[in-house]
Amino acid sequence: MTVGGAMEVGGEVAVGAAPPVIELSGVSKSYPGGVHALRGVDLRIDRGELAAIVGPSGSGKSTLLHLIGTLDKPTTGTVRVAGHDVGVLSDRRLSALRARHIGFVFQHFHLAAGRNAVDNVADGLLYSGVPARARRTRARAALERVGLGHRLGHRPNELSGGEKQRVAIARALVGEPDVLLADEPTGALDTASGDVVMTLIRELHAAGTTICVITHDNEIAGSLPRRIRFRDGAVVSDSRTAGPKEMAQ
Ligand code: ADP
């Protein structure tokens, strides 16, 4: 757990030692049948970054997302999330790591159909030990944060695509994860709704949230401050645009 700039290590607090949010070293992933989805990937994402993971279909983006999201383990190499080596954790510890550190946003929203926006977002805290009433209070605040304070009682079928994605973003954020992983977040939206969602993602980043956007859309990738480009399971380029924060340093 981090407290200010301090990091808890085995119950002790070591000041100034916060690890990268995500760190991959020599990561490969093979599937049965000799498919090498990732080949020797080294990648570090620091707190506060907004990065696009970009590349054509089949380049390894989803495989990477599964590894970063602790939904799968590498064949070789190490994946660390907030300093924890994913490869050595039991399924139970992995679930806890995921619940505490990672917020997922999917292309097709994955909201529960019969439940209103507050309940859908509150579900993002189901495994966090937060009591039901507090879950709902925090869900309302998260919905306000994504500009949906006026849609609290609406069910998914009463919301536009863009609004559904904002509910999904609120659900991903409500547990205050270290990193938001957004997999093609505008892929199911019309251009105008997609723009609203990307604007929200930029605002969340400006407020300090660490975000990875997985996309095959070069235009979206080009609009983000860091672009990590994959091809055939390897990073072929990693570029940054200097923003106001970087320029000031
Ligand atoms: P992307 O998300 O960029 O489209 P993927 O990570 O889905 O790329 O796929 C990378 C490669 O790994 C592709 O050749 C794909 O067919 C293969 N692949 C992905 N998942 C599996 C799997 N579960 N079993 C076998 N091959 C897979």
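**View 1. Make-up of the shell around the ligand.** The shell around the ligand holds four nonpolar residues, six polar ones and one charged one. The model shown here and in the following views is predicted. The residues surrounding the ligand are Tyr31, Val35, Ala37, Pro56, Ser57, Gly58, Ser59, Gly60, Lys61, Ser62 and Thr63.

View 2. A polar side-chain atom of Thr63 is 2.6 Å from an oxygen atom of the ligand. Backbone atoms also take part: a polar one of Gly60 lies 3.1 Å from a ligand oxygen, and a polar one of Pro56 lies 3.5 Å from a ligand oxygen. The ligand taken alone exposes 560 Å², of which the protein buries 60%. Two or more shell residues come from each of β5 (35-45) and α1 (61-68). The largest share, three residues, belongs to α1.

**View 3. Helix α6 from end to end.** Helix α6 comprises 16 residues, 191-206. At 1.5 Å a residue it should span 22 Å, and its end C-alpha atoms are 22 Å apart, so the two values agree. At the start of α6, a side-chain oxygen of Asp190 comes to within 3.1 Å of the backbone nitrogen of Ala192. Just after the helix, Gly208 has a positive phi of about 115°.

View 4. Buried in α6 are Ser193, Gly194, Val197, Met198, Leu200, Ile201, Leu204 and His205. These residues lie on the same side of α6 because they cover an arc of only 155° around the axis. In an α-helix, with 3.6 residues a turn, residues three or four places apart point the same way. The face turned away from the buried side of α6 carries the exposed residues Thr191, Ala192 and Ala206.

Terms used:
Residues numbered from 1 in each chain as written. Predicted model: local features only at pLDDT ≥ 70, side-chain atom pairs only at ≥ 80, totals over all residues. Heavy atoms only, no water. Near = heavy atom within 4 Å. Polar contact = N/O pair within 3.5 Å; in protein donor to acceptor, adjacent residues only side chain to side chain. Areas by Shrake-Rupley, 256 points an atom, 1.4 Å probe, with all protein chains shown as cover. Helix = DSSP H or I, 4+ residues; strand = E, 2+ residues; numbered from the N terminus. Nonpolar A, V, L, I, M, F, W, Y, C, P; charged D, E, K, R; others polar. Expected span 1.5 Å × (residues − 1). Buried < 20%, exposed > 50% of the residue type's maximum accessible area, 1.4 Å probe, protein only. Arc of directions from axis to C-beta.
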